[in-house]
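Hi,

Here is the model I promised to send over.

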Amino acid sequence: MIGYAFLLILAFSAVAYFVGRSTGSRFVATAGGKVHSLPGYHGAFVALWVGLPALLLLLLWVSFQGSAIDRMLLASLPETLTAGKSASEIDLIVSEIKNVAAGRMFSQPSADIVTVAERLQGWHAIADWAMIVVAACLMIVGLVLSRRLLSPRFRARNVVERIISGLMIGCSVIAILTTLGIIVSLIYEAAAFFRMVPFTEFLFGLRWEPQIALRPDQVAGQGAFGAIPVFVGTLLISFIALLVSVPIGLFTAIYLVEFADERVRAVVKPVLEILAGIPTVVFGFFAILVVAPAVRDFSNVLGLAASPNSALAAGLVMGIMIIPFVSSLSDDAMKAVPRSMRDGSLALGATPAETMTKVILPAALPGIVGGILLAASRAIGETMIVAMAAGLIASLTINPLDSVTTVTVQIVTLLTGDTEFDSPKTLAAFALGLVLFLVTLTLNIIALQIVRRYREQYD
Amino acid sequence: MATVAEMPRETQTFTTVRTPDAAPRPVKVRGENVNVFYGAKQALFGVTIDIPEKAVTAFIGPSGCGKSTFLRCLNRMNDTIVGARVEGKITLDNRDIYDTDLDVVELRARVGMVFQKPNPFPKSIFENVAYGPRIHGLARSKTDLEEIVVSSLQRASLYNEVKDRLHEPGTGLSGGQQQRLCIARAIAVSPDVILMDEPCSALDPIATAKVEELIDELRTNYTIIIVTHSMQQAARVSQRTAFFHLGVLVEEGPTDHIFTNPIEKRTQDYITGRFG
């Protein structure tokens, strides 16, 4: 039904557009050069007045129809169904009625339920039709009113432009509100966690054993929520990843910017972009099947003991994953250095290598650092590779051959399987997520700040 | 009337009208039958010219006439452009600069260049000037280097304006000061020749006057070749002028002669403002 409603609005708006435009053309024909706006703007003005209010109405209607009907349903339930039932039992009945009304029947429903379900179906049909009728009325009113506003000196263009810019503001506000919503939900759940586990224990505790019992009959650990080992593991793996990706990515970028000829660039750049497009879960396979055994064998040869899930393996693969980040951002930063700098250096008799190390790299350094920080925040937030290739046990170590765990892996394990939202085990995931979010946010802000300062240098 | 570039290659004539100086100076740079191509497009057609030592030679002509292209051949900056190809012979002190034996780094140390837009590095004023001496190993000690920097800034008549802030960024100077900083940077590697590609086109009249004054002082020690769009500037600063049109060197001679008594009709038309 809602689909038809949208189609109706679309069709009405199109008609309104042509009506407005023909009115505008008539103004041009009669008033000549004195018409303020082009006929198209008159059309758009009428179309917007017809389409937008109806669209808003539709959205509001859809979001409130469900709860309104639910309330009516509850009020109209016969005594025989509700007598002596608790709230959750009534909920069960309501959902059974809804199922019956939607045609999903698992058992033979009682007569009472069938009558209520039929009533519910009737209400739904009425509500849908009412929605369409009200929308149509609204559109006709909009058409009549907005057409009456049109005149040769009417500033249709200005009004349309203002409405369009309002729409664009609305779109960006949606993105911002979503972010805010995510933060608020994180803070809300994390606050619940910190009511059970002291803040200081979480931030400074050295033991992380979150798998506590959810039900009295479960056998589980006592529980400890010290996040230090988890964050140390994250930092260790991210550090290894940066150790891999920064030199490789940077040298790739330097080569591509200054030394590679066109044919090499034409091959290398797309291949790097393919690397950026590989799903992280595929990198995870690569880590488990190739890199982790290789690391283990190699350290055995050296006489070192490596665990099957080593931080080194996960870090190496994550490093490979973020190479395109580092290389393409440094490539951009170096390309942004004006050609005149390069020419000035070459004209003084500097070799390309001297020009690169003494002029281009220093000038591009803020941009490169910004790129590396963005890559770092990507590495810290990366989940799939570490979930597959790093371990689960939070051991406080900086030995890259040991198994460590990361924040993201812990969040995944805490939120899969049995969950209960009043146990610190589940809520700990939100606290971890909050801290992780703050860390990557800080890194991003620093990176953007550095990049911005860099931009000012040449303008 | 078909222009030279539109005529078929075989039928074109590339004769240059030449008027020698009354008292000829020794030749510093010589171009012989220089052709330049950017990909398939030919930008210069058989340019032959002698550029005298310790004098200012101006290249004038309408946009796209090849004057900057020829200037960039003289320190091989065209090498940095993909698809550029240079034919013919260019000599500096009778040595072919396109000879494979000659290292382009050495050449550019002897032939400095100043660009259209001031392009100081985003480093301090001191570091900007010290850049060249450092990469060429001209200074043996720190005091040596300081001496070179100070004397280069003095020669570029910038020292008095910046002596108290040598360690502030060069990009913070005014446009005219930046351009003189770039000249000081070029002087610091003690070149024989300084190429200037429209050095005043981004400057206001007062800064332009200062740079022109500087060019006049520098000519006692350096061979200067300047590309300019301003005919007044060419008349003010240069001793010899070469007029380029559509990739051909049309006429060259003493500056006062070119501006008062041009022989070629195209030169006359350009100077009197009939085209370009």
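This is a predicted model: local features need pLDDT of at least 70, side-chain atom pairs count only at pLDDT 80 or more; totals for chains, interfaces and linings use all residues.

A polar contact here is a pair of N or O atoms within 3.5 Å; within protein, one must be able to donate a hydrogen and the other to accept it, and residues adjacent in sequence count only if both atoms are side-chain atoms. By that rule, five residue pairs are in polar contact across the interface of chain B and chain A (both at pLDDT 80 or more).

Residues are numbered from 1 along each chain as its sequence is written, chains are lettered from A and ligands numbered from 1 in the order in which they are written, and side-chain values use heavy atoms, with hydrogens and water left out.

Back to the interface. Chain B puts 22 residues into the contact and chain A 20 residues, with contact meaning heavy atoms within 4.5 Å. The buried area (accessible area, 1.4 Å probe, that two parts lose on being put together, summed over both) is about 1700 Å², and carbon and sulfur atoms give 64% of that. In chain B, Pro122(B), Tyr131(B) and Ile135(B) lose the most area to chain A, together 31% of what that side buries.

Now the holes. On a 1 Å grid over the protein atoms alone, a cavity is a set of points where a 1.4 Å probe fits but cannot get out, and a pocket is an open set with protein on both sides within 12 Å along at least five of seven lines; lining residues have an atom within 4 Å of a point. Grid points are joined across faces, edges and corners, and a volume is the space filled by probe spheres set on the points.

The largest pocket has a volume of about 630 Å³. Of its 25 lining residues, Val257(A), Glu258(A), Arg339(A), Arg342(A) and Thr80(B) lie nearest its centre.

There is one cavity of 30 Å³ or more. The largest cavity comes to about 40 Å³, and its lining includes Val29(B), Leu74(B) and Thr91(B).

Cheers
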